[in-house]
Amino acid sequence: ASAKASRLLLEAPDVRAVIPKVLELIGEAARVDRVNLMLTKAGPNGEPLLAVVNEWVAEGVVPHLDDVTMSTCDERDFSSVCSELRAGRSVCLSKSDSAAEYAAVSFEGIGTKTKAIVPIFVAGEFIGVVGFDIAEQRGAIDSAELAALETSAGVIGAALHRERLVDDVRRERERAAEE
């Protein structure tokens, strides 16, 4: 799935247009119930937010993308989790974790029992996360599963980085043409 997703992202003239298909490929291969891409943005008062910009859900799973309360979270409300993510470390949560820790993460989704949150960096800058939700009760996500999820998130991050570079080149050419 990572190889297919990589090819799809590399061949796409518009990376953001194929991200929903990429999330679907990854979600189905990983046998998870939801995969969402959350990117950083500043709130109205400059607060650091993570907002769902793309999402894939398995059949019967309620999407978050159109629900403002579920699709945006203030990083300050989840400082311990977000500090791990911003430090480049993935976070795995389970309903079996302490209730306070798990409840402190609105990333969890309705009905989610296990969640992996993988940070995405572009040119060394934290730009967001890919979240993987599992609705069934199961043990913790093992290191091999987490490594595969991190690879998938890395593919998305690389594509977003490429898109940023292409946009920078386009803007520079436009500026040079104007001069």
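This report walks through the fold, the strand pairing and the helix packing of a predicted model.

## Ground rules and confidence

Residues are numbered from 1 along each chain as its sequence is written, and side-chain values use heavy atoms, with hydrogens and water left out. Because this is a predicted model, local features need pLDDT of at least 70 and side-chain atom pairs count only at pLDDT 80 or more, while totals for chains, interfaces and linings use all residues.

The pLDDT is the predictor's confidence in each residue, from 0 to 100. The protein chain averages 82, and 87% of the residues score at least 70. Over residues 98–107 the pLDDT is below 50, and this stretch has 25 contacts in the model beyond near neighbours in sequence; a contact means heavy atoms within 4.5 Å. Where pLDDT is low, the predicted coordinates should not be read in detail.

## Overall layout

You will find six helices and six strands in the protein chain. These are DSSP runs numbered from the N terminus, with helices being H or I of at least four residues and strands E of at least two. Read from the N terminus, the order is α-α-β-β-α-β-α-β-α-β-β-α.

Of the 179 residues, 41% are buried, meaning under 20% relative accessible area with a 1.4 Å probe, protein chains only. Among contacts between residues at least 6 apart in sequence, 57% join residues at least 24 apart.

## Strand 1 and its partners

Strands count as paired if DSSP finds at least two bridges between them. Strand 1 (residues 34–42) pairs with strand 2 (residues 48–57) in the antiparallel sense over nine bridges, and V35 has W56 in strand 2 as its bridge partner. Five residues lie between these strands in their hairpin, where G46 takes a positive phi near 85°.

Strand 1 also pairs with strand 6 (residues 125–134), again in the antiparallel sense, over six bridges. Here L39 stands opposite G128.

## Helix 1 and its neighbours

Axes are lines fitted to C-alpha atoms, for helices over the stretch in contact, with angles from 0 to 180 degrees between N-to-C directions. The axes of helix 1 (residues 2–11) and helix 2 (residues 15–30) come within 9 Å and cross at roughly 170°, so the two helices are roughly antiparallel (over 145 degrees).

Notes:
Parallel < 35°, antiparallel > 145°, perpendicular 65-115°, else oblique. Buried < 20%, exposed > 50% of the residue type's maximum accessible area, 1.4 Å probe, protein only.
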